[in-house]
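Student: Could you walk me through reading a few features of a model, one residue or element at a time?
Tutor: Gladly; let's look at it together.

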Amino acid sequence: MTSASTPSLPGQLNPTPRLLLGPGPSDLHPRVVAAMTTPLLGHLDPQFLLLMSETQEMLRAVFQTRNELTLPISATGSGGMEACLVNLLEPGDRALICVAGYFGERMAEMARRCGAEVHVEQESWGKTFSPDRLREALRRVRPKVLGIVNAETSTGAWQDISFLGALCREFDALAVVDCVTSLGCTPVAIDTWQIDAAFSCSQKGLSCPPGLAPLTFGPRALEALYRRKSPVRSWYFDLTALRSYWGTERVYHHTAPITMIYALREGLRLVLEEGLEARFERHQRHARALRAGLEALGLRTLAEESCQLPQLHAVLLPDGVNDVQGRKRLLEEFGIEVGGGLGEYKGRVWRIGLMGYNSRTNCVFQVLAALEKVLI
Ligand code: PLP
């Protein structure tokens, strides 16, 4: 007999395998899985400290930066977003947040919770911001921080940020960029583009599980951090303290998620082994194949072609398709997960991701075959 204090034991963990072709997480690379079975080390073991340094060095290469303050935050992408904003914004600071989708909205809300005076530059979902539009907004608002999303996962739109650093310098603003869906899939050239702060995640282009948020702070962001009048409002995300753990002092801050660092280290090794350019081209190649197939099926995407991301397509559902039932069929009959729509596109799009390890020919064929059965 079981009582309230002794629940019956659930069976051994054995979920039906899925092909994760949504907006993330995407499937783990088998080498990442293998790395995660490596025995634990202590978080201050000299061997682990070396692995941390190697991970940081590879992260710099993938972010294309020499920024010393480049490290993975122990959190998901939202934690990376929060870490950037809470370190750079003090109550009363002005922030200009560009919103053209769900994740821009999240950034605006986080900036508000840092006590900032938030000005939202709003664009229709699926569209992007031009340099002229942002120059005008910077001139009007004169913010300390400009926040923008490089790859808007709710719409599949790619925002050009190559001009952003130079533009922000004209107005003495800091350029903060959400690279959650871009890192490892499309170019992120932090130093060339003079981006002051950026963050990402582990579970999309890097083919690792969710749980780490790569982050990088450039010299102007560091200067703003050390010029704060008040302490960083978050203890856990305070980069002045995290820097002492990840820097040469190795002062204990929190217990690093060892297994996740193993995973990230292997994910980054895979990126660099392949080469950044080859990796970006692979994402473009499979996106072209996907788009050809979508077109043949008469399906259209939300974002304009000129700014369509290769790693994430938001496919507009044909009239009469039931979103929830359709995705259930994909999952149950084909073992494929795609993402539903967010915000105003809930029930109107399916978000198909071909990210990192999943940017592969057989993923393209499998998802197109399933879409043909379920949608057409
Ligand atoms: N920013 C963007 C562009 C995202 O796509 C996501 C998640 O999909 C996030 C932020 C939040 O990341 P997470 O869900 O890992 O916290």
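Tutor: Keep in mind that this is a predicted model.

Student: Which helix does Phe 48 lie in?
Tutor: Phe 48 belongs to helix 2, residues 46-63.

Student: Is Phe 48 buried, exposed or partly exposed?
Tutor: The general idea is to count C-beta neighbours: 20 or more within 10 Å means buried, and 12 or fewer means exposed. Phe 48 has 17 C-beta neighbours inside 10 Å, so it counts as partly exposed.

Student: How far apart are Phe 48 and Lys 204 in sequence and in space?
Tutor: They are 156 residues apart in sequence, and 25 Å apart in space from C-alpha to C-alpha.

Student: Now for helix packing. At what angle do helix 11 and helix 12 pack?
Tutor: Helix 11 (residues 323-334) and helix 12 (residues 361-375) pack at about 130°, with their axes 10 Å apart. That angle makes helix 11 oblique to helix 12, because only angles over 145 degrees count as roughly antiparallel and 65 to 115 as roughly perpendicular. The crossing of the two helices is right-handed.

Student: Which residues make that contact?
Tutor: Helix 11 contributes Gly 326, Arg 329, Leu 330 and Phe 334, while helix 12 contributes Ala 370, Val 374 and Leu 375. By type, there are 5 nonpolar, 1 polar and 1 charged.

Student: And which residues come nearest to the ligand?
Tutor: Of the 14 residues around the ligand, these are Thr 76, Gly 77, Ser 78, Thr 153 and Val 180. Helix 3 (residues 77-88) gives the most to this shell, with 3 residues. The shell divides into 7 nonpolar, 6 polar and 1 charged.

How values were computed: Residues numbered from 1 in each chain as written. Predicted model: local features only at pLDDT ≥ 70, side-chain atom pairs only at ≥ 80, totals over all residues. Axes fitted to C-alpha atoms, helices over the stretch in contact; angles between N-to-C directions. Helix = DSSP H or I, 4+ residues; strand = E, 2+ residues; numbered from the N terminus. Parallel < 35°, antiparallel > 145°, perpendicular 65-115°, else oblique. Left-handed = near helix turned anticlockwise from the far one by under 90°. Contact = placed C-beta atoms within 7 Å. Nonpolar A, V, L, I, M, F, W, Y, C, P; charged D, E, K, R; others polar. Near = placed C-beta within 6 Å.
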